[in-house]
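User: Please examine the structure shown below and explain how its strands pair and where its nonpolar residues gather.

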Amino acid sequence: MNRRLLAVPAVAFAVLAVAGCTGKTGGTPNPAPTSAETSSSDSSGGGGGSAPKVPSPLNTASITSDACATLSASARSTLGLGEGTPRTTSNGPSCTFQEADDPGNQIDVTTVTANKNGLSDVYDTKGNDAYFEETQISGYPGVYAAALDDRSSGKCGLFVGVTDELSVNILAQYDHGAGASDPCPVVAKFGEAMIQTLKEG
């Protein structure tokens with residue numbers, strides 16, 4: 001059984017499922033991400049809310065069929081990641097990137113094609129999340145969110161709106177290094193590289 005957990009909220013158009021088991025247990029939540037781009041925090045749950053509009057929709061044709069296309073080869077090299085391993089899930093195409101020097105550290109990315117309202121679907125179900133913290137990634141709206149708060153155990157989930165109809169879920173799962181204790185900057189850097197890749201595509 002895969003020990004990794006895809007920690008993403010259940011939304012109106014798809015129940016985002018557990019991908020496997022993990023030996024880790026949730027600990028005390030970390031403070032809100034330290035990125036200067038974080039605009040507000042809300043971990044209290046509750047109802048929906050208005051998701052920010054995507055200022056300049058990206059060309060997502062490549063990633064709606066292959067989530068490994070979220071990063072160019074040069075971006076993977078810069079982030080120290082190996083070639084991605086594609087997967088198919090009920091939520092949309094997914095890809096697992098492992099650190100080239102430490103396969104125990106990995107990033108799972110899912111193009112959430114099962115939901116048709118982008119970040120709005122994430123906002124609508126934020127009551128299902130253990131944390132929900134708005135941010136911006138290279139000027140694009142995002143939300144740190146997951147059904148379980150395992151940030152103190154090296155896991156952090158991020159949704160980035162790439163169009164008003166499509167969001168991408170990025171989940172860091174780090175066992176070693178700085179990302180093991182502070183994983184949210186890892187997914188933020190991935191998101192920045194993804195946006196740059198899509199702009200160049």
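Predicted model: local features only at pLDDT ≥ 70, side-chain atom pairs only at ≥ 80, totals over all residues.

User: How many bridges join strand 1 to strand 2?

Analyst: Strand 1 covers residues 85-89, and a hairpin of 2 residues leads from strand 1 to strand 2. The two strands run antiparallel. Within this pairing, T88 stands opposite P93 of strand 2. The number of bridges joining strand 1 to strand 2 is 5.

User: Which residue in strand 3 stands opposite C95?

Analyst: Strand 2 also pairs with strand 3, residues 106-111, in the antiparallel sense. This pairing extends over 5 bridges. The residue of strand 3 opposite C95 is V109.

User: How many of the 7 residues of strand 2 are buried?

Analyst: Strand 2 spans residues 92-98 and is mostly covered. A residue counts as buried when its relative accessible area is under 20%. By that cut-off, the number of buried residues in strand 2 is 6.

User: Which element supplies the largest share of the largest nonpolar core?

Analyst: The largest nonpolar core holds 35 residues, of which Y144, V160, I170, F190 and M194 touch the most other members. Elements that each supply at least two residues include strand 2, strand 3, strand 6 (155-163) and helix 3 (184-200). The largest share, 9 residues, comes from helix 3.

User: How many residues form the second, separate core?

Analyst: The second core stands apart from the largest one. Among its members are A51, L119, Y123 and V143. Its number of residues is 9.

Notes:
Residues numbered from 1 in each chain as written. Heavy atoms only, no water. Buried < 20%, exposed > 50% of the residue type's maximum accessible area, 1.4 Å probe, protein only. Helix = DSSP H or I, 4+ residues; strand = E, 2+ residues; numbered from the N terminus. Pairing = 2+ DSSP bridges. Core = buried A, V, L, I, M, F, W, Y, C linked by side-chain atoms within 4.5 Å.
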